[in-house]
Amino acid sequence: MLRLGRRGLWLGLAAAAAAAARLMGWWSPRADFRLFIPEELARYRGRPGDPGLYLALLGRVYVSSGRRHYEPGAHYSGFAGRDASRAFVTGDYSEGGLVDDVSDLSFSEMLTLQSWLSFYEKNYEFIGRVTGRFYGEDGLPTPELTQAEAMITKGVEANKQELKEKQKFPPCNAEWSSTRGSRFWCSQRRETHDFMLQAALFPSLLSGGVSRDWIGVPRKLFKPGAKEPHCVCVRTTGPPSDQTPDDPTHRNRGDLDHPNLEEYTGCPPLAITCCVPL
């Protein structure tokens, strides 16, 4: 997990992140927003006598149309009247977790936070900024906001790389039985129950079930730094993914010869289904 102490990375990413933030309109100059100090924002928790119910994320303050989720007694009431950016990712709704410190979150966690911010921008009314960690008393971004945006930018890049990797090595379908053990198989779309359920609930996850015009065979993929391999489907014909189709040196074996792949014991080399008994 990357920490803010790595100044070299931040210096390299800050310019790109700031440009991306401006394009997304997160902190473009506006004359109609209001500045809150944290103590003032705390008055907007939707309690009897409070002037309203406001939420804050990465220093931006919103009026929520989903008040029932955040009002007193509701499951997410701790988010009201404060910037609890960290809890959007960690799920820690204790007083110690409902804070705005995101300095030690990973790239992928910051990408999740960006998704929440996009949701808020689309569905809730932006009304102002809270001074402190992300915005100064003049309403302008602080270095910590620039760093957070740099992490989000890096998370977007990492996500693109992960999707590219899944195009090359899509995840296998998998099931487990207490009597038969594990079964892995390949098809032109991922079919596991968990994936189909997640896809129904969260359509944005459909990219995890990569569609393609080939089926492939199951293989163990060992990733650098990973403790355990995971099952992927591997193309069996044509040139390797890192070669051009007209390269005469390839052996028409697709990606089967990739050095990080290993066959499942007892499974025929070109079988689309592999069973691993208990």
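## Close-up views of a predicted model

**View 1. Helix 5 meets helix 6.** Phe-107, Met-110, Leu-111 and Gln-114 of helix 5 contact Ala-148, Met-151, Ile-152, Lys-154, Gly-155, Val-156 and Asn-159 of helix 6. Contact means heavy atoms within 4.5 Å. By class, this contact has seven nonpolar, three polar and one charged residues. Here Ala, Val, Leu, Ile, Met, Phe, Trp, Tyr, Cys and Pro count as nonpolar, Asp, Glu, Lys and Arg as charged, and the others, Gly among them, as polar. The model is predicted: local features need pLDDT of at least 70, side-chain atom pairs count only at pLDDT 80 or more, and totals for chains, interfaces and linings use all residues. Residues are numbered from 1 along each chain as its sequence is written, and side-chain values use heavy atoms, with hydrogens and water left out.

**View 2. The crossing of the two helices.** Helix 5 spans residues 107-123 and helix 6 spans residues 143-168. Their axes lie 8 Å apart, at an angle of about 105°. Axes are lines fitted to C-alpha atoms, for helices over the stretch in contact, and angles run from 0 to 180 degrees between N-to-C directions. Helix 5 and helix 6 are therefore roughly perpendicular to each other. Angles of 65 to 115 degrees count as roughly perpendicular, under 35 as roughly parallel, over 145 as roughly antiparallel and the rest as oblique. Helices (H or I, at least four residues) and strands (E, at least two) are DSSP runs, numbered from the N terminus.

**View 3. The largest nonpolar core.** This core has 27 residues. Leu-55, Leu-58, Phe-79, Val-102, Met-110 and Tyr-120 have the most contacts inside it. Strand 2 (54-57), helix 4 (85-90), helix 5 and helix 6 each supply at least two of its residues. A nonpolar core is a set of buried Ala, Val, Leu, Ile, Met, Phe, Trp, Tyr and Cys residues joined through side-chain atoms within 4.5 Å. Buried means under 20% relative accessible area, exposed over 50%, partly exposed in between (1.4 Å probe, protein chains only). Not counting residues up to four places away in sequence, Leu-55 touches Arg-60, Val-61, Tyr-62, Ser-64, Tyr-70, Phe-79, Ala-80, Arg-82, Tyr-120 and Tyr-124.

**View 4. Gly-46 in its loop.** Gly-46 sits in the loop between helix 2 (38-41) and strand 2. At 14% relative accessibility, Gly-46 counts as buried. Gly-46 touches Gly-52, Leu-53, Arg-67 and Pro-72, not counting residues up to four places away in sequence. Ala-80 is 34 residues from Gly-46 in sequence, but 7.5 Å away in space, C-alpha to C-alpha.

**View 5. The 8-7-9 sheet.** Three strands form an open, antiparallel sheet in the order 8-7-9. Strand 8 and strand 9 (261-262) stand at the edges, each with a single partner strand, so one side of each lacks a neighbour in the sheet. Strands pair if DSSP finds at least two bridges between them. Five bridges join strand 7 (residues 217-221) to strand 8. Val-217 stands opposite Val-234, and Leu-221 opposite His-230. Four of the five residues of strand 8 (residues 230-234) are buried.

**View 6. The 5-6-10 sheet.** Three strands form an open sheet in the order 5-6-10, with antiparallel pairing. Strand 5 (173-177) and strand 10 (273-276) are the edge strands. Five bridges join strand 5 to strand 6 (residues 181-185). Asn-173 stands opposite Trp-185 in strand 6.
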